[in-house]
Amino acid sequence: MSNFVTRLTVLATFSMALMIAPSLSPSFTPLSTAAFAAGGDNPAPPASDGKASKEKKKKTSEKSSSADDPAFINGYRTAYATIYDRSDYAAAIEQLKALGHDDRADVANLIGYSYRKLGNYQVSQAWYERALQADPNHVRTWQYYGLWQIEQGNRDQAQYHLNRIGAICGKDCAEYKSLASALEKPPGTGLVY
């Protein structure tokens, strides 16, 4: 029952983020709620005249344009439903990769989650790390990667992930509560997250 409530809460939060996104600043992307949960966008890095700055601007504009692309949003929603409604993780991986934006934290995180649910922990870990490289404050990735740590028996690492979530969105956010609850369970209970 609590798993259903958690999923329903996540879906409601995601839906609300999509509805309010147009009223927020143009740099806000509807699929990345980590910045919103952390209280706003991260400050922009200082500008430079070098080539790296131009490449970074190009990548940033590509990422924000994908959030406005109806085909991307519909594809993401389809993959999301494939994961959470049908539990067809292999199909979801293909759908997410077909979006062509697996460098986005939201997309990479769901790919990692799907691989974890399929039992491919090494590949899952690589995708979680890729998501955190794309957005070090992506709360959902810290949560899912923390659950991955628990499944691997790495409770100290899961606690570290919980502390990161607390620093980003506080102890009242759903991701913090979910991982904290999983950490409260005794090791080896056989629970699947």
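Helices here are DSSP runs of H or I with at least four residues, strands are runs of E with at least two, and both are numbered from the N terminus.

1. Along the sequence the protein chain follows the pattern α-α-α-α-α-α-α-α-α-α, with 10 helices and 0 strands.

2. A word on the basis of what follows. This is a predicted model, in which local features need pLDDT of at least 70 and side-chain atom pairs count only at pLDDT 80 or more, while totals for chains, interfaces and linings use all residues. Residues are numbered from 1 along each chain as its sequence is written, and side-chain values use heavy atoms, leaving out hydrogens and water.

3. Of the 193 residues of the protein chain, 40% count as buried (under 20% relative accessible area, with exposed meaning over 50% and partly exposed in between, for a 1.4 Å probe and protein chains only). Contact means heavy atoms within 4.5 Å. Among contacts between residues at least 6 apart in sequence, 53% join residues at least 24 apart.

4. Now to the inside. The largest nonpolar core has 41 residues; such a core is a set of buried Ala, Val, Leu, Ile, Met, Phe, Trp, Tyr and Cys residues joined through side-chain atoms within 4.5 Å. Ile83, Leu96, Leu110 and Ile165 have the most contacts inside this core. At least two of its residues come from each of α4 (70–84), α5 (89–98), α6 (105–117), α7 (121–134), α8 (139–151), α9 (155–169) and α10 (174–184).

5. Setting aside neighbours within four places in sequence, Leu110 touches Tyr76, Tyr80, Ile83, Tyr84, Leu96 and Tyr144.

6. Next, look at α8 and α9. They pack at an angle of about 165°, with axes 8 Å apart (axes are lines fitted to C-alpha atoms, for helices over the stretch in contact, and angles run from 0 to 180 degrees between N-to-C directions). Therefore α8 is roughly antiparallel to α9, a label for angles over 145 degrees. Among the residues that meet are Trp142, Tyr145 and Gln149 in α8 and His161, Ile165 and Ile168 in α9.

7. What does His161 contact, leaving aside its neighbours within four places in sequence? His161 contacts Trp142, Tyr145, Gly146, Gln149 and Leu179. His161 is found in helix α9 and counts as buried because its relative accessibility is 3%.

8. Finally, α10. Its buried residues are Glu175, Tyr176, Ser178, Leu179, Ala180, Ala182 and Leu183, and the buried residues of α10 pack against α8 and α9.

Terms used:
Angles under 35 degrees count as roughly parallel, over 145 as roughly antiparallel, 65 to 115 as roughly perpendicular and the rest as oblique.
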